[in-house]
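Look over the sequence and the model before reading on.

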Amino acid sequence: MSSQSARPDSVSAPLAVSRNPATDELIATYAGQTAQQIEQLLEQNAAAFRIWRATPLRERVAAYRRLAVVLRQRSDNLSALISAEMGKTLKAARAEVEKCAVTLEWLAENGPAVLADEPVAVDNDDRVYVSWLPIGTVLAVMPWNFPLWQVIRASGPIMLSGNGFILKHAPNVIGSAYALQDAYEAAGFPVGLFTNLIADNDTVARVIEDDRVAAVTLTGSLRAGSAVAAIAGKALKKSLLELGGSDAFIVLADANIDLAVKAAVEARFQNAGQVCLAAKRFILEAPIASEFTQKFVKAVSALKVGDPLDPQTDIGPMARKDLRDELHHQVERTLSAGATLLLGGTKLAGSGNFYAPTVLGNVVPGMAAFDEETFGPVAAISVAENAEHAIELANQSDYGLGGNLWTGDVTRGQRLARRMETGGVFINGFSATNARIPVGGVKKSGYGRELSHFGLREFTNAQAVWAKQPV
């Protein structure tokens, strides 16, 4: 079965809808795959996996280098598609494509050393080593906010280690999902090794339970993560979850305020604030709280909201109307609980899902903008009495994905970082992802790690081999 024939009818019984969030224009609809199509998909993927796992690593690496070339060659079309499907600014979409290509090249360069047999010294002449072997096909349930990057971040390490990959992408970015599948096949990967699943929740559950699926990875909501983990656990299958965050951005009194403000604006408002690792709670030490807030509000008010294809635009639309409505409800609940509106706080009139860049002051625990993940262009400001109180507030969250800490004393910052209950801490910077560095969370932000050598080995069988010399 070719990838083209696997694609569902885009006319009848739409299960997925792609709509331009800047204009409300309908782009495409996609029907859910039939039981027969899914069976064919699983069979083809299983066959492709058997070929791929037997493919020498040097040949897999060569395919990764070709894939990076394909993505760069198609960058204009891919970037336009990302902008059309989820509203990312065109310049950010181009950066996303390039980041995918750079990551594939890093995997190609460094993967062989990470996946090489690891010798273990013993007290005799026996040969002992650990091999990192593929475990099978991994089902990936992926979000819409980085339609290409989230998928490459998952599929890159998973497939280089010899596994197959089935993508269940968000319903509003199915065009991006198929564009990636086409890119993989154009780069020479076995047809069906990377393939797309369009299905409802009940069908996804059955696919997780299928013996041809070895594991599952999900980036998404707490509810979705809990459901997927339960299904995978019942089937005794490994799962990796990245469930969002409410990252703190701590600014201590000895920090460079101007640099911190500049970083804070990008940390909160990139991708219209629709980033799991984005800074969301700005915790300011009291002596500098007023200065930081004044400069921050001024900088945010200068951001241009508008057409994501306009190179002058800083913030495009939110991806869906329901997401904008939920964000606005969080803002209203926060204000009704006693917070102060410093900027924005409104749904912008006209077509599209635009929301005004918003800054809330006097936000404390118990308010929606402090306790919940705000997935959009809203910043919540809290004031801490001192550094100890700032760390306490940062940890007063169900989430534990990333954290940011600004201080003039890096050594002090490193000491404080060890007390932050997060998967990552960025001192005098803001949360970002890089192929060299593991990403993942603790608490309700999930478990497991993507990227770096941790990600390359996350879905492998660490097979111990102990070879004794014949007597």
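## Terms and source

Buried means under 20% relative accessible area, exposed means over 50%, and partly exposed lies in between (1.4 Å probe, protein chains only). This is a predicted model: local features need pLDDT of at least 70, side-chain atom pairs count only at pLDDT 80 or more, and totals for chains, interfaces and linings use all residues. Residues are numbered from 1 along each chain as its sequence is written, and side-chain values use heavy atoms, with hydrogens and water left out.

Helices (H or I, at least four residues) and strands (E, at least two) are DSSP runs, numbered from the N terminus. Contact means heavy atoms within 4.5 Å.

Ser83 sits in helix H3. Its relative accessible area is 2%, so Ser83 is buried. Leaving aside neighbours within four places in sequence, Ser83 is in contact with Lys88, Thr89, Leu90, Ala93 and Leu309.

Helix H3 (residues 75–86) packs against helix H4 (residues 90–115) at an angle of about 125°, with the axes 8 Å apart. That makes H3 oblique to H4. Axes are lines fitted to C-alpha atoms, for helices over the stretch in contact, and angles run from 0 to 180 degrees between N-to-C directions. Angles under 35 degrees count as roughly parallel, over 145 as roughly antiparallel, 65 to 115 as roughly perpendicular and the rest as oblique. On the H3 side, the residues that meet H4 include Ser75, Leu78, Ile82 and Ser83. Their partners in H4 include Leu90, Ala93 and Val97. By class, this contact of H3 with H4 has six nonpolar, three polar and three charged residues. Here Ala, Val, Leu, Ile, Met, Phe, Trp, Tyr, Cys and Pro count as nonpolar, Asp, Glu, Lys and Arg as charged, and the others, Gly among them, as polar.

Helix H2 (residues 57–73) and helix H5 (residues 149–160) pack at about 155°, with their axes 10 Å apart. H2 and H5 are therefore roughly antiparallel to each other. Leu57, Arg60, Val61 and Tyr64 in H2 meet Ser155, Gly156, Met159 and Leu160 in H5.

Ile158 also belongs to H5. With 4% relative accessibility, Ile158 counts as buried. Beyond four places in sequence, Ile158 is in contact with Val138, Asn163, Gly164, Phe165, Thr217 and Phe459.

## Two nonpolar cores

A nonpolar core is a set of buried Ala, Val, Leu, Ile, Met, Phe, Trp, Tyr and Cys residues joined through side-chain atoms within 4.5 Å. The largest one has 64 residues, and Tyr64, Leu67, Leu71, Met159, Phe165, Phe189 and Phe194 touch the most other members. H4 gives the largest share of this core, 10 residues. Leu67 is in contact with Leu104, Ala183, Tyr184, Ala187 and Phe189, leaving aside neighbours within four places in sequence. Apart from this core lies another, of 27 residues, among them Ala260, Val261, Ile381 and Trp406.

How many of the nine residues of helix H13 are buried? Seven are, so H13 (residues 387–395) is largely enclosed by the rest of the structure. Among the buried ones are His389, Ile391, Leu393 and Asn395. Their cover includes strand E10 (247–251), strand E14 (378–384) and helix H14 (410–417).

Asp247 lies in strand E10. At 1% relative accessibility, Asp247 counts as buried. Asp247 and Asn395 are 148 residues apart in sequence and 9.6 Å apart in space, C-alpha to C-alpha.
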